[in-house]
Amino acid sequence: MKHIKESKRKSFKRQLKSKLSEGSNSGYYYPTTRTAVYWFGRLNTLLFGNKLGRVYIEVKKIHNDYGRCVADWDNRKTPKGKFDQRIIPHHIKVKFYIQLHCKFKNWNEFIETLAHEMVHLYQMTVLKDPYSNHNANFYKFRPKFAAVGLSLCR
């Protein structure tokens, strides 16, 4: 059983590396929500051991960003000062979702952005990192990314 999982993993790594080398030469890439959801599932298996739950993924025009991982809780109805906006309040129910820009320079930029936002989701949901920013927990994923031909940067 373990041998089958490992061969599937190697097969996926080959598929991803092939797609990365193919995608770096092509022009602009316009992802769909369906494509983003598909690759979320594949990356979840390969890089995160299926520890990320299903999340809503939205593809839309975003200003000044290619992607965002959003922790959504309704702070408008909360008395001022109860939550520090820089810290995720894990003691209440928080809705997580990912937003991706609708246009990327190429496929590689799309997949690296999606994977980048998935690291933030992992920080928030699995590690319960209160800040979930570009800290040591974030950069621990660099070797895993490099092993499949992805780069992880700010």
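Q: Why is Trp39 called buried?
A: Buried means under 20% relative accessible area, exposed over 50% and partly exposed in between, with a 1.4 Å probe and protein chains only. Trp39 has 5% relative accessibility, so Trp39 counts as buried. A word on the source: this is a predicted model, where local features need pLDDT of at least 70, side-chain atom pairs count only at pLDDT 80 or more, and totals for chains, interfaces and linings use all residues. Residues are numbered from 1 along each chain as its sequence is written, and side-chain values use heavy atoms, with hydrogens and water left out.

Q: What makes Tyr38 partly exposed?
A: Its relative accessibility is 39%, so Tyr38 counts as partly exposed.

Q: Why are the rings of Tyr38 and Trp39 called an edge-to-face pair?
A: Rings of Phe, Tyr and Trp (its six-membered ring) pair if their centres lie within 6.5 Å; planes under 30 degrees apart count as stacked, over 60 as edge-to-face and the rest as tilted. Here the centres are 5.2 Å apart and the planes stand at 85°, so the pair is edge-to-face.

Q: Why is the pair of Tyr122 and Phe141 edge-to-face?
A: The centres of these rings are 5.2 Å apart and their planes are at 80°, so this pair is edge-to-face. Tyr122 is in helix α3 (residues 107–125) and Phe141 in the loop between α4 (136–139) and α5 (142–147), 19 residues apart, so the pair links distant parts of the chain. Helices (H or I, at least four residues) and strands (E, at least two) are DSSP runs, numbered from the N terminus. Tyr122 and Phe141 are both buried.

Q: What makes Lys103 lie over the face of Tyr28?
A: A charge sits over a ring if NZ of Lys or CZ of Arg is within 6 Å of the ring centre and within 35 degrees of the ring normal. Lys103 lies over the face of Tyr28, at 4.1 Å from the ring centre.

Q: Why does Asp72 count as partly exposed?
A: The relative accessibility of Asp72 is 34%, so Asp72 counts as partly exposed. Asp72 has its place in strand β2 (residues 67–72).

Q: How do you know that β1 and β3 pair?
A: Two strands pair if DSSP finds at least two bridges between them. β1 and strand β3 (residues 95–101) pair in the parallel sense over 5 bridges. One example is Val59, whose bridge partner in β3 is Leu100.
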